Amino acid sequence: MRCVTSVSYSFLVNRVVCGFLKPSRGLRQGDLLAETERTGDVSGFRCSSGGLKISHMFFADDSMFFSQASKRDCCVFRQVLDWYALASRQLINFQKLALCVNGRFSRQRAVMLARIVGVQLVECHERYLGIPSFTGRNKRAFFANIRDRVWDKLKGWQEKLFSTGGKEVLLKTVIQAIPTYSMSLFKLPLNLVSDIQRLCARFWWGSSTDN
């Protein structure tokens, strides 16, 4: 009940805050995990020595969970999932869940942890919103993908006739949108920015060659 009653609700009516309600039922996303993290049952993941610990992140209909690669944390995490299924009467599809561990751990240990949670073991999670879940220190391949996507778009437009206004619309609405999400997470290298500008300039002036 601490998870349920720790929140309050008000309503915005004609830009005026009205009412004050304390719920008596219903779980919010992350309530159970946040409670286990508060009590120390789940250790979470610390991004830096002085940073906050992260136990979970939710994106639309996708979820990511972080913990220490220990038997205790995996047991608690599985218990939280079972609690949620029991409280919400919703079944969890464990076939859609996957576990990825740090490369320092042995294959045998990783398999054991995956069995505890009841999920499949993968080497690395797939892309999310077009960006790899893990990039590592060497981001050259990731940034090269951005450049290739820009060039594929421009190359497909080369043989078509566009007015000056049409080219401007394509560059601003399509090409500039490709690296936007990546730029919210990474600082793009200057050589990549220059390369994209060069490709856009060639399209603007009608050049169809590229090196």
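Buried means under 20% relative accessible area, exposed means over 50%, and partly exposed is in between (1.4 Å probe, protein chains only). The model is predicted, so local features need pLDDT of at least 70 and side-chain atom pairs count only at pLDDT 80 or more, while totals for chains, interfaces and linings use all residues. Residues are numbered from 1 along each chain as its sequence is written, and side-chain values use heavy atoms, leaving out hydrogens and water.

**Exercise 1. Find out where arginine 147 sits, whether it is buried or exposed, and what its side chain meets.**

Step 1: Arginine 147 belongs to helix H5, residues 140–157. Helices (H or I, at least four residues) and strands (E, at least two) are DSSP runs, numbered from the N terminus.

Step 2: check the area. Arginine 147 has a relative accessible area of 14%, so it is buried.

Step 3: look for a partner. The side chain of arginine 147 makes a polar contact of 2.9 Å with that of aspartate 195. A polar contact is a pair of N or O atoms within 3.5 Å; within protein, one must be able to donate a hydrogen and the other to accept it, and residues adjacent in sequence count only if both atoms are side-chain atoms.

**Exercise 2. Work through the hairpin of S1 and S2.**

Step 1: get the pairing. S1 and S2 run antiparallel and are joined by four bridges; two strands pair if DSSP finds at least two bridges between them. Tyrosine 9 has leucine 21 in S2 as its bridge partner, and phenylalanine 11 has cysteine 18.

Step 2: go to the turn. The hairpin has two residues between the strands. Asparagine 14 is in the loop between strand S1 (9–13) and strand S2 (16–21), and arginine 15 is in the loop between S1 and S2 too.

Step 3: read the backbone. Phi is positive in a residue other than glycine at asparagine 14, near 55 degrees, and likewise at arginine 15, near 65 degrees.

**Exercise 3. Which residues of helix H4 are buried, and what do they pack against?**

Step 1: list them. H4 spans residues 107–117, and Ala110, Leu113, Ala114 and Val117 are buried there.

Step 2: check the geometry. Those residues cover an arc of only 100 degrees around the axis, which puts them on the same side of H4. The arc is that of the directions from the helix axis to the C-beta atoms.

Step 3: Gln108 and Arg115 are exposed residues on the face turned away from the buried side of H4.

Step 4: find the neighbors. Helix H3 (71–88), strand S7 (98–99) and strand S8 (120–121) are what the buried residues of H4 pack against.

Step 5: see what comes next. Glycine 118 follows H4 and has a positive phi, near 85 degrees.

**Exercise 4. Decide how far to trust the model.**

Step 1: take the average. pLDDT, the predictor's confidence in each residue from 0 to 100, averages 80 over the protein chain, and 86% of the residues score at least 70.

Step 2: Over residues 207–211 pLDDT stays under 50, and the model has twelve contacts beyond four places in sequence for them.

Notes: Contact means heavy atoms within 4.5 Å.
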